[in-house]
Amino acid sequence: QASITCPAGGPQNVHCHMDSVAQDVCRDVKAMRDRGRSEDLQLILRRRMGDTLLDEGRVIQLLSGLAKANEGKASLDVLHCLQRCNLEMNVRIVTVSISTCRKISAWNQALQLFREMADSRVEPSTITYNA
């Protein structure tokens, strides 16, 4: 995958590794926010991701791509939306999300993710604790 400049509105020198679907979601989330509309995020994700909506690899790529593009809040919004779509949480997805929480100082959300891990019986890894 090539490194591309993310259209998420971050600094122009921020690069993130995202495929075209992740780029489209990134652009749609930013446009939705810029228009001040509360368009249904789930609709955007279903339109752009289709059958791969709950695919672990695609989800991780999307969440981390948004976070790297200075769209940490959008990344967490996408995570919560996917949870409502029955995304199966696992240590990799939670670790990426906790890392995002650290980057945007969302400490309460990070603690909530740790609680959700315990509730779901997902074992945190050393990487999770260091995120």
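**A walk through a helical chain**

Hi everyone. Reading along the sequence, the protein chain follows the pattern β-β-α-α-α-α-α-α-α. Counted up, that comes to seven helices and two strands. Before going further, please keep in mind that this is a predicted model.

Let's begin with the chain as a whole. There are 131 residues in the protein chain, and buried residues make up 44% of them. The accessible surface comes to about 7,200 Å², and carbon and sulfur atoms account for 48% of that surface. Now think about how the chain folds back on itself. If we take contacts between residues at least 6 apart in sequence, 53% of them join residues at least 24 apart.

Next, the inside. Which residues have the most contacts inside the largest nonpolar core? They are Leu 45, Leu 62, Val 78 and Ile 93, and the core has 33 residues. Helices α1 (20-34), α2, α3 (56-68), α4, α5 (91-103) and α6 each supply at least two residues. The helix that gives the most to this core is α4, with six residues. As a general background point, nonpolar side chains in soluble globular proteins tend to be buried together.

Let's zoom in on Leu 62, one of the residues with the most contacts inside that core. What does Leu 62 touch, leaving aside its neighbours within four places in sequence? The list is Ala 22, Val 25, Leu 45, Met 49 and Val 78.

Helix α2, residues 41-49, packs against helix α4, residues 72-84, at an angle of about 85 degrees, and their axes are 10 Å apart. On the α2 side, the contact is made by Leu 41, Gln 42 and Leu 45. On the α4 side, the residues are Asp 77, Val 78, Cys 81 and Leu 82. Sorted by class, the contact has five nonpolar, one polar and one charged residues.

Now for two residues in loops. Asn 86 sits in the loop between α4 and α5. Its phi is near 75 degrees, a positive value in a residue other than glycine. Is Asn 86 buried or exposed? With 65% relative accessibility, Asn 86 counts as exposed, because the cut-off for exposed is over 50%. At 46% relative accessibility, though, Ser 105 counts as partly exposed.

Lys 30 belongs to helix α1 and is partly exposed, at 21% relative accessibility. Lys 30 and Ala 74 are 44 residues apart in sequence, yet their C-alpha atoms are 8.2 Å apart in space. For the second pair, look at Leu 111 in helix α6, residues 107-119. Leu 111 is partly exposed, with a relative accessible area of 48%. From Leu 111 to Cys 101 is ten residues in sequence and 9.3 Å in space, C-alpha to C-alpha.

Technical notes. Residues numbered from 1 in each chain as written. Predicted model: local features only at pLDDT ≥ 70, side-chain atom pairs only at ≥ 80, totals over all residues. Heavy atoms only, no water. Axes fitted to C-alpha atoms, helices over the stretch in contact; angles between N-to-C directions. Helix = DSSP H or I, 4+ residues; strand = E, 2+ residues; numbered from the N terminus. Contact = heavy atoms within 4.5 Å. Nonpolar A, V, L, I, M, F, W, Y, C, P; charged D, E, K, R; others polar. Buried < 20%, exposed > 50% of the residue type's maximum accessible area, 1.4 Å probe, protein only. Core = buried A, V, L, I, M, F, W, Y, C linked by side-chain atoms within 4.5 Å. Areas by Shrake-Rupley, 256 points an atom, 1.4 Å probe, with all protein chains shown as cover.
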